[in-house]
Amino acid sequence: MSQPRNAFYAQSGGVTAVINATAAGVIETAAKHRRHIGRLYAGRDGIVGALTEDLIDLSAESRATLRGLRYTPAGAFGSARFKLKGLDQNRAEYERLIEVFRAHDIGYFFYNGGNDSMDTALKVSQLGAELGYPVTCVGIPKTVDNDLPLTDCCPGFGSVAKYVAVSTREAALDVASMARTSTKVFVLEVMGRHAGWIAAAGGLAGEKAGDPPQVILFPEITFDEPAFLFKVKQSVENNGYCVIVVSEGVKGPDGKFLAEAGTRDAFGHAQLGGVGPVIANLVKEKLGYKYHWAVADYLQRAARHIASKTDVEQAWAVGKAAVEYAVRGMNAVMPAIVRTSSRPYRWKIEPAALTDVANVEKKVPRNYITADGFGITKAARTYLQPLILGEDYPPYENGLPAYVRIRGKAVKKRLKTQFKL
Ligand code: F6P
């Protein structure tokens with residue numbers, strides 16, 4: 001039996017309501033595998049913590065804090081949008097990572113993120129082998145955008161989907177009550193980047209034809225202004241009001257986002273946001289209806305109070321599976337959620353190769369969107385419905401959720417060299 005080696009866990013990219021449940025799954029499972037995993041460290045601000053040798057000593061956290069991670073939203077250790085470029089373009093960053101891993105005897109790397117992070121985990125596994133310092137790298141899925149391939153869904157999505165469906169249903173009741181003499185159109189902007197999964201989830205708010213939301217705008221469907229305005233007018237004439245869910249990633253016929261903030265993140269992604277008011281103004285200008293709009297923004301991905309129980313359970317399960325794969329020596333894999341039945345929803349976890357996952361974006365298929373491009377089909381409902389099932393309320397104190405904050409004790413640095421970001 002070889003000596004146990006230490007493990008490093010990092011959160012990456014946009015955070016979710018349940019990413020800390022995954023961390024809890026990793027932490028609790030690692031504790032059961034002490035013959036393989038010695039100490040478990042977390043990166044302060046994700047991979048940046050590894051590059052700057054800023055590791056968090058998880059053994060210094062209280063049991064209560066570690067237990068509380070399961071119901072605390074956002075990234076407890078800090079997340080980062082920091083892209084490690086290709087090996088040939090920026091070998092120094094990968095070498096630094098391996099140098100830090102070597103200094104702390106890290107033999108297991110758990111990278112909890114989306115498409116780009118799967119690519120990084122894959123590259124680290126390749127370079128470690130090349131530099132004679134093998135590291136077992138396991139990517140752990142997470143993204144509210146739900147755009148990773150080979151997994152039924154991505155932890156984080158089910159909870160955003162539930163928040164958006166619940167909020168759409170509630171706001172629709174509000175606008176319906178005001179419509180005769182006041183607001184006729186309500187617009188909710190949701191996240192999702194190039195994939196319309198979150199927008200599609202808004203469709204769960206309605207159950208039969210004509211129910212709100214009457215219009216969903218997907219990034220997968222090119223925005224058609226006349227068809228959109230006709231649909232809104234028709235809804236107001238038939239129902240008295242119209243509820244619109246719009247994805248931040250909707251593009252016009254010119255291929256440009258309807259709203260782009262003009263900034264880009266470290267991955268080169270355009271910062272999106274602001275399409276809600278653009279759509280609302282268009283309605284006012286062309287149809288004259290009074291409107292309200294809301295941008296769900298961080299509210300949607302931080303909404304742990306209304307998280308989906310299914311999502312929380314899946315988030316925890318992928319963390320657990322990641323550790324089990326690692327101690328079995330499975331390298332460059334990602335625990336994927338496999339649906340075995342929709343009604344009742346049944347799922348299991350199986351490994352997927354990182355080479356098949358990295359940098360692939362899964363969009364909403366055309367058969368999930370109605371022929372007119374403004375709604376979801378039965379097939380979409382069958383897929384989406386189980387993902388929002390169940391509630392998993394956090395404990396409350398003084399009327400507010402009692403979330404935890406980590407102590408964040410730093411591991412003593414062992415390297416003399418510093419790394420400039
Ligand atoms: O990638 C997940 C996501 O929530 C996207 O839906 C959204 O466009 C983006 O993150 C926002 O990222 P940030 O918080 O870095 O601006």
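Select Gln214 to start: at a relative accessible area of 8%, Gln214 is buried (buried means under 20% relative accessible area, exposed over 50%, partly exposed in between, with a 1.4 Å probe and protein chains only). You will find Gln214 in the loop between α7 and β8; helices here are DSSP runs of H or I with at least four residues, strands are E runs of at least two, and both are numbered from the N terminus. What you have open is a predicted model, where local features need pLDDT of at least 70, side-chain atom pairs count only at pLDDT 80 or more, and totals for chains, interfaces and linings use all residues. Residues are numbered from 1 along each chain as its sequence is written, and side-chain values use heavy atoms, with hydrogens and water left out.

Now show the polar contacts of Gln214. The side chain of Gln214 reaches the backbone oxygen of Gly210 at 3.1 Å, and one of its polar atoms lies 2.8 Å from the backbone nitrogen of Val243. A polar contact is a pair of N or O atoms within 3.5 Å; within protein, one must be able to donate a hydrogen and the other to accept it, and residues adjacent in sequence count only if both atoms are side-chain atoms.

A cis peptide bond joins Pro212 and Pro213, with omega about 0 degrees. Pro213 lies in the loop between α7 (197-202) and β8 (215-217).

Next, go to Arg343 and Pro344, which are also joined by a cis peptide bond with omega of about 0 degrees. Pro344 sits in the loop between β13 (333-341) and β14 (346-353).

Two backbone angles come next. Most residues other than glycine have a negative phi, and most peptide bonds are trans. Select Ala332, in the loop between α11 (309-327) and β13: its phi is positive, about 55 degrees, although Ala332 is not a glycine. Ala332 is buried, with a relative accessible area of 17%. Then pick Asn359, in the loop between α12 (354-357) and α13 (378-384). Asn359 has a positive phi of about 65 degrees and, at 45% relative accessibility, counts as partly exposed.

Strand β1 (residues 5-12) pairs with β5 in the parallel sense over six bridges, with Asn6 opposite Ile106 in β5; two strands pair if DSSP finds at least two bridges between them. Strand β6 (residues 136-141) also runs parallel to β5, joined to β5 by six bridges, and Tyr108 stands opposite Thr136 in β6. Follow the chain from β5 through helix α5 (residues 115-130) to β6 and you trace a right-handed β-α-β crossover: with the strands pointing away from the viewer, the path from the first strand over the helix to the second runs clockwise.

Last stop: the ligand. Which residues surround the ligand? Select Arg81, Val144, Asp145, Met191, Gly192, Arg193, Glu248, Tyr298 and Arg301, using a heavy-atom cut-off of within 4 Å. Oxygen atoms of the ligand lie 2.6 Å from a polar side-chain atom of Arg81, 2.6 Å from a side-chain N or O atom of Asp145 and 2.4 Å from a side-chain N or O atom of Tyr298. The protein covers 83% of the 400 Å² of accessible area that the ligand has on its own (Shrake-Rupley method, 1.4 Å probe).
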